[in-house]
Amino acid sequence: MTDTVVVIYSGGMDSFTLLHRARAQGLRVHALSFNYGQRHVRELDVARSVSAALDIPHKVIDIRAMSEVMSGSALTSDSEIPEGHYEEESMKATVVPNRNMILLSLATGYAVTVNAGAVWYGAHGGDHAIYPDCRPEFVEKMDAVCRVANYEPVGIEAPFMHMTKGEILAEGLKLGLNYAQTWTCYNGREKACGLCGSCVERLEAFSENGLADPLAYEAGR
């Protein structure tokens, strides 16, 4: 079995931790990021920087031409980003239609190209409330399809599927990771907003671990 994996690396907390987990397990990592027309590229800039520092092969694939079939999300339009916790109904506005199926399919093709046995992505328990393509049944079925889609079977793995954001952070802290090297906020301003679902969940994770987030937040957040 190959010891190479493709990690879908957004530049956020979860994929940052996943990237380092794969390396800690002695796996050879190819990092893969996507520009799908998201509101900003702060995460992509972070992903480039971290990958370069770790000397990890890293590709950023521009799929903005597919925006017409991935429209309708607050993350890919000028509509207002909802504020609050992920479990709130309003956060469904951040769903990008079929995003993970598309990204995982492309990553599977890349895995075949670099002789990787699996694609890893950072779906976790906190995503289940609003993101259908982060739920266990989706991962199970994508895994089954990708194992038969090519001559070389490629597994789809979500190692954090049954973990909370706080638990993921705890694992990263044990690895000595510096989370100032990540960007999570849905807004691409100079400082994190502290109000969007992604920021709220991130701040809760640091609070659960008794730590302050190393990122700077806008005044009063």
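Hello everyone, let's begin at one residue: C193 is buried, as its relative accessible area is 4% and the cut-off for buried is under 20%. Please keep in mind that this is a predicted model. To find C193 on the screen, go to the loop that runs between α5, residues 165-174, and α6, residues 197-208.

In an unreviewed entry, UniProt lists C185, C193, C196 and C199 under "binding site". Let's move on to C199, which has its place in helix α6. Is C199 buried or exposed? C199 counts as buried, because its relative accessibility is 1% and buried means under 20%. And which residues does C199 contact, once we leave aside its neighbours within four places in sequence? They are C185, A192, C193, G194 and Y217.

G11 sits in the loop between β1, residues 4-8, and α1. G11 is buried, with a relative accessible area of 0%. Not counting residues up to four places away in sequence, G11 touches E43, V46 and A47, and also Q181, T182 and W183.

The second one is F16, and you'll find F16 in helix α1. F16 counts as buried too, at 0% relative accessibility. Leaving aside neighbours within four places in sequence, F16 contacts Y9, V50, L177, N178, Y179, Q181 and T182.

Please remember Y179 from that list, as the rings come next. How many aromatic pairs does the structure hold? There are 2. In one of them, the ring centres of F16 and Y179 are 5.4 Å apart and the planes stand at 70°, so the pair is edge-to-face; over 60 degrees is what counts as edge-to-face. F16 belongs to helix α1 while Y179 belongs to the loop between α5 and α6, so this pair ties together parts that are 163 residues apart in sequence. Y179 is itself buried, at 2% relative accessibility.

Y179 also pairs with F206, again edge-to-face, with 6.2 Å from centre to centre and 85° between the planes. Since Y179 lies in the loop between α5 and α6 and F206 lies in helix α6, the pair ties together parts 27 residues apart in sequence. F206 is buried as well, with a relative accessible area of 3%. Put together, the ring pairs link F16, Y179 and F206 into a cluster.

Helix α2 covers residues 42-54, which is 13 residues. At 1.5 Å a residue, α2 should span 18 Å, and its end C-alpha atoms are 19 Å apart, which agrees. Which residues of α2 are buried? They are L44, V46, A47, V50 and S51. These residues cover an arc of only 155° around the axis, which puts them on the same side of α2. On the other side of α2, A52 and A53 are exposed. The buried residues of α2 pack against α1 (13-24), β2 (28-35) and β3 (58-62). After α2 comes D55, whose phi is positive, near 60°.

Helix α5 can be read in a similar way. The buried residues in α5 are K165, G166, I168, L169 and G172. Their arc around the axis is only 160°, which puts them on the same side of α5. What do the buried residues of α5 pack against? They pack against α1 and α6. Just after α5, G176 takes a positive phi of about 75°.

My last stop is the largest nonpolar core, which has 59 residues. V6, V119 and Y121 are those with the most contacts inside this core. Taking V6 as our example, and not counting residues up to four places away in sequence, the residues V6 touches include H30, L32, A107, Y110 and W120.

Technical notes
Residues are numbered from 1 along each chain as its sequence is written. This is a predicted model: local features need pLDDT of at least 70, side-chain atom pairs count only at pLDDT 80 or more; totals for chains, interfaces and linings use all residues. Side-chain values use heavy atoms; hydrogens and water are left out. UniProt positions are given in the numbering used here, feature names are shortened, and annotations may be inferred rather than shown by experiment. Helices (H or I, at least four residues) and strands (E, at least two) are DSSP runs, numbered from the N terminus. Buried means under 20% relative accessible area, exposed over 50%, partly exposed in between (1.4 Å probe, protein chains only). Contact means heavy atoms within 4.5 Å. The expected span of a helix is 1.5 Å times one less than its number of residues. The arc is that of the directions from the helix axis to the C-beta atoms. A nonpolar core is a set of buried Ala, Val, Leu, Ile, Met, Phe, Trp, Tyr and Cys residues joined through side-chain atoms within 4.5 Å. Rings of Phe, Tyr and Trp (its six-membered ring) pair if their centres lie within 6.5 Å; planes under 30 degrees apart count as stacked, over 60 as edge-to-face and the rest as tilted.
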